[in-house]
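New page in the notebook.

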Amino acid sequence: MKSSKVLSLFLITLALFPDGLLAQMELGWFQKASLPGPARHRATGISIGGRGYIGLGHINAVVDVQYKDWWEYDPATNSWTQKADYAGGKRYHAAGFSIGNLGYVGTGRDTTFSNRRDFWEYNPVTNTWTQKAMFGGQARRGAVGFSVNGRGYIGTGSGLSDFWEYNPVTNSWMQRASFPGGGRQSAVGFSIGSRGYIGTGSSGGNPTGDLWEYNPTNNTWVQKAPLPGLPRMEACGFSYNGFGYVGTGDNFSSGTNYDDFWRFDPFSNSWVQIQDFGGTARRYLVGFAIGNRAYAGTGTNGTNFQDWWEYGNFTGINPPEPGAPLFSVYPNPIVDFATLKTDPEISFTGLKFQIISLSGKMLREQMLESRETNFETGNLPAGIYFIRLITGNGILSTQKIIVAGS
């Protein structure tokens with residue numbers, strides 16, 4: 001009976017995901033329908049529920065032209081719909097975040113080249129903007145925004161380091177511990193689970209590569225592993241499936257624009273370089289996640305862009321890291337239990353492995369007991385999973401496994 005289940009699941013897996021198609025679908029970036037509005041940079045983008053939103057921004061190649069339009073992207077149909085213009089008026093370099101089913105956008109620079117403090121709430125159901133309490137800090141542009149556990153956070157921008165929390169229930173701002181990395185502009189900000197992250201950006205006109213983690217529970221910051229790539233400002237950052245992503249941007253002084261992208265694992269405090277951004281190297285790329293896909297587009301390298309790209313694959317989890325396998329799992333497909341065997345050239349001391357679902361959730365973690373470690377699949381439902389080998393310095397190797405069930 002067990003062998004019959006294994007064979008059936010294995011055949012279904014091969015039928016659904018033949019090797020060539022599997023490899024093709026796991027490549028990182030796929031071009032989607034371009035933003036219908038004008039090409040631009042310093043735009044603002046957020047996701048609300050199953051839709052993405054992008055707008056505002058400007059072009060300044062000859063004269064400064066600013067925008068207040070607001071567009072909704074539907075990943076299911078790969079289509080755009082223009083929505084109500086941003087009620088704060090034409091604006092660029094504004095910050096935003098979403099809380100529940102509502103979006104929030106504010107700060108930035110207006111057509112008089114004045115920095116602003118106003119903040120607005122967007123309701124996608126009614127397609128309306130409502131003005132909310134003024135941002136608690138001074139007016140600024142190039143700040144970062146993210147949300148954690150029902151609260152919004154805005155900080156840095158215009159060379160400042162202060163950091164503020166927004167409570168949508170009381171419509172009020174409260175100052176929190178300042179960003180310890182120093183005043184900066186055009187950094188990246190994102191949240192993973194119950195933590196927020198700020199990194200890179202312009203500090204005194206110089207590019208940076210640091211990353212800091214914010215804990216809202218005790219209002220503290222901890223410095224994390226720096227970005228391994230070149231220091232940068234005006235980069236793109238977002239979170240997706242439990243990881244942080246930082247890429248593109250420039251170093252300002254040389255005018256060199258980047259297209260590399262890096263993935264941050266908060267569990268191992270380590271970075272892995274992923275596939276370069278699919279479009280042209282640029283700065284001021286806007287990015288966010290919708291469900292089990294991430295999206296990025298617009299920006300400039302002297303030429304303004306309106307292209308739109310999707311990052312992800314059919315499983316909703318990132319592809320296994322490149323390189324030769326450093327371990328094997330047998331039997332695979334697995335019925336009840338299996339053995340993980342490490343390569344003889346690596347030490348198993350201090351190693352552990354994790355079982356990851358297709359949605360990116362860690363389901364199990366276990367230290368390696370020897371070069372061959374037995375483990376049980378227990379109550380894991382039959383299906384496809386990932387198993388990854390981890391050291392204190394990061395992820396060594398990742399493979400797929402099939403759990404056939406009992």
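Among contacts between residues at least 6 apart in sequence, what share joins residues at least 24 apart? I looked it up for the protein chain: 51%. A contact here means heavy atoms within 4.5 Å.

Notes on the source: this is a predicted model, where local features need pLDDT of at least 70, side-chain atom pairs count only at pLDDT 80 or more, and totals for chains, interfaces and linings use all residues. Residues are numbered from 1 along each chain as its sequence is written, and side-chain values use heavy atoms, with hydrogens and water left out.

Whole chain. I found two helices and 35 strands in the protein chain. Both kinds are DSSP runs numbered from the N terminus: helices are H or I with at least four residues, strands are E with at least two. Of the 406 residues, 55% are buried. Buried stands for under 20% relative accessible area, exposed for over 50%, and partly exposed for in between (1.4 Å probe, protein chains only). The accessible surface comes to about 16300 Å², and carbon and sulfur atoms hold 52% of that. Those areas come from the Shrake-Rupley method with a 1.4 Å probe; for residues, only the protein chains shown count as cover.

A sheet. Next I traced an open sheet of four strands, in the order E12-E13-E14-E15, with antiparallel pairing. Its edge strands are E12 (144-148) and E15 (172-176), each pairing on one side only. Two strands pair if DSSP finds at least two bridges between them. E12 and E13 (residues 151-155) are joined by five bridges, and I spotted Ile154 in E13 as the bridge partner of Gly145.

E8 runs antiparallel to E9 (residues 102-106), with five bridges between them. One of my finds there: Ala95 has Gly106 in E9 as its bridge partner. Two residues sit between the strands of this hairpin, and Gly100 takes a positive phi near 60 degrees.

One residue. Is Gly52 buried or exposed? Gly52 is buried, with a relative accessible area of 1%, and I found it in strand E3 (residues 51-55). Leaving out residues up to four places away in sequence, Gly52 touches Ile46, Ser47, Trp71, Glu72, Tyr73, Phe288 and Ile290. I also checked Ala294: its C-alpha atom is 9.9 Å from that of Gly52, though the two are 242 residues apart along the chain.
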